[in-house]
Amino acid sequence: MPNHYIINDNDQPVYVEMTNTFRSPDISAPPEISASQSAVLFSANASNSATIVLSLLSATISVRINNPAGSGRTLYLSRVSGSIGGTSVLTSISGSFTLVKGGTLTSPSALTPVNNNLAGTAVSVMTVQSSTAAISGGSVLASYQIAPGVFSPAFTGSIIVPPGNALSASVSSSSAAVGTIISALSLTWWES
């Protein structure tokens, strides 16, 4: 077929027409946009601080999200963000971040997940808890050192928590300089 153009018409620039019709009209936004529009994007936040007077001290905050067996929903982790800092000399603050499959929290407190669609009335089926102690047990999925300031690794749904499973995250900061140190942690996920 000598006059048949497989991509575009002869009088159009190359790639003007849509060639990937997997989703109509095209795939152009991260899945969090659709999740938020559908009112199934949630977040939970927690923080902990410690005042340093004479010696090395640490501030740890841990969050555990449990997807109950039989919930009928799957959790897709969107992002974990957090920070370490405070009034202590910033050059003396060091910290770590750990993401764990499962895990147990010591003396946990309940957290209420927030729907990120401010007009959304949907409620998360996940059970969320926080603790000022490190996570015990579980299998480490990610662990790295962090510097003072904000960190925000995006997972864009690549970590999946089916019913009957749990995901835990922890941020810990420490310093020997006099002042206050703060560890903060926020998890964002969608459910379907």
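Predicted model: local features only at pLDDT ≥ 70, side-chain atom pairs only at ≥ 80, totals over all residues.

Residues are numbered from 1 along each chain as its sequence is written, and side-chain values use heavy atoms, with hydrogens and water left out.

We begin with the strands. Strands (E, at least two residues) and helices (H or I, at least four residues) are DSSP runs, numbered from the N terminus, and two strands pair if DSSP finds at least two bridges between them. Strands of a sheet pair through backbone hydrogen bonds, either parallel or antiparallel. In this model six strands form an open sheet with antiparallel pairing, and their order is E5-E7-E2-E11-E4-E8. Strand E5 (109-111) and strand E8 (139-146) stand at the edges with a single partner strand each, so one side of each is left without a neighbour in the sheet. On average, neighbouring strands of this sheet are turned by 20° against each other, direction ignored (axes are lines fitted to C-alpha atoms, for helices over the stretch in contact, and angles run from 0 to 180 degrees between N-to-C directions). Within the sheet, E4 and strand E11 (residues 165-175) run antiparallel and are joined by eight bridges, and one of the paired positions is Ser94, whose bridge partner in E11 is Ser174.

Other pairings involve strand E1. Strand E1 (residues 41-52) runs antiparallel to strand E12 (residues 179-191), and twelve bridges join them; the bridge partner of Ile52 in E12 is Gly179. E1 is also joined by two bridges to strand E6 (residues 114-115), again in an antiparallel manner, and here Ser43 has Val114 as its bridge partner in E6.

The C-alpha atoms of Ala184 and Ser83 are separated by 5.2 Å, although the two residues are 101 residues apart along the chain. When neighbours within four places in sequence are left aside, Ala184 is in contact (heavy atoms within 4.5 Å) with several residues, among them Ala46, Ile61, Ser83 and Val171.

Next comes the interior. In soluble globular proteins, nonpolar side chains tend to be buried together. A nonpolar core is a set of buried Ala, Val, Leu, Ile, Met, Phe, Trp, Tyr and Cys residues joined through side-chain atoms within 4.5 Å, and buried means under 20% relative accessible area, exposed over 50%, and partly exposed in between (1.4 Å probe, protein chains only). The largest nonpolar core of this model has 35 residues, and those with the most contacts inside it are Leu77, Phe97, Leu185, Leu187 and Trp189. Strand E1 gives the most to this core, with six residues.

Which residues form an aromatic cluster with Phe97? Phe97, Tyr144 and Phe151 form one aromatic cluster. Rings of Phe, Tyr and Trp (its six-membered ring) pair if their centres lie within 6.5 Å, and planes under 30 degrees apart count as stacked, over 60 as edge-to-face and the rest as tilted. The whole structure holds four aromatic pairs; one of them is the tilted pair of Phe97 and Phe151, with 5.2 Å centre to centre and 50° between the planes. This pair links distant parts of the chain, since Phe97 is in strand E4 (residues 94-101) and Phe151 is in strand E9 (residues 149-151), 54 residues apart. Phe97 counts as buried at 0% relative accessibility, and Phe151 is buried as well, at 9%.

A search of the whole structure finds one salt bridge (a side-chain nitrogen of Lys or Arg within 4 Å of a carboxyl oxygen of Asp or Glu). Its partners are Glu191 and Arg73, whose closest N and O atoms are 2.9 Å apart. Because Glu191 lies in strand E12 and Arg73 in the loop between E2 and E3, the pair ties together parts that are 118 residues apart in sequence. Glu191 is buried, with a relative accessible area of 2%, whereas Arg73 is partly exposed, with 25%.

Finally, consider the backbone. Most residues other than glycine have a negative phi. Ser107, however, has a positive phi near 45°; Ser107 sits in the loop between E4 and E5 and is exposed, with a relative accessible area of 63%. Thr156 also has a positive phi near 45°, but Thr156 lies in strand E10 (residues 154-161) and is partly exposed, at 40%.
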